[in-house]
Amino acid sequence: MIKYISGTPCESIVDIVGKVTVPETPIKGCTQKVELQIIKYFVVNRSVNKLPIQLEDASRKVVGN
């Protein structure tokens with residue numbers, strides 16, 4: 001499933017069915033104390049591989065002169 005999910009292009013619309021669980025060992029890299037275990041993963045609408053504008057580009061800070 002990981003290989004399929006990682007092959008989904010950014011900005012695609014997906015539908016995920018999962019179960020919220022508390023992990024045995026605490027997660028140190030985030031503020032949440034729970035994790036989502038994916039049960040089903042559906043691609044509703046796959047985006048084109050290279051969109052004219054990427055989310056990373058749109059959220060980048062603009063530095064003035």
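Student: How many disulfides does the structure hold?
Tutor: This is a predicted model, in which local features need pLDDT of at least 70, side-chain atom pairs count only at pLDDT 80 or more, and totals for chains, interfaces and linings use all residues. Residues are numbered from 1 along each chain as its sequence is written, and side-chain values use heavy atoms, with hydrogens and water left out. A disulfide is taken as a pair of cysteine sulfur atoms within 2.5 Å. By that cut-off, the number of disulfides in the structure is 0.

Student: Is Cys10 buried or exposed?
Tutor: Buried means under 20% relative accessible area, exposed over 50%, and partly exposed in between (1.4 Å probe, protein chains only). The relative accessible area of Cys10 is 52%, so Cys10 is exposed.

Student: And what does Cys30 count as?
Tutor: The buried class lies under 20% and the exposed class over 50%. Cys30 has 35% relative accessibility, so Cys30 counts as partly exposed.

Student: Is Thr21 buried or exposed?
Tutor: Thr21 has its place in strand S1 (strands are DSSP runs of E, at least two residues, and helices are runs of H or I, at least four, numbered from the N terminus). Its relative accessibility is 16%, so Thr21 counts as buried.

Student: With which side chain does the side chain of Thr21 make a polar contact?
Tutor: A polar contact is a pair of N or O atoms within 3.5 Å; within protein, one must be able to donate a hydrogen and the other to accept it, and residues adjacent in sequence count only if both atoms are side-chain atoms. At 3.4 Å, the partner of the Thr21 side chain is that of Gln37.
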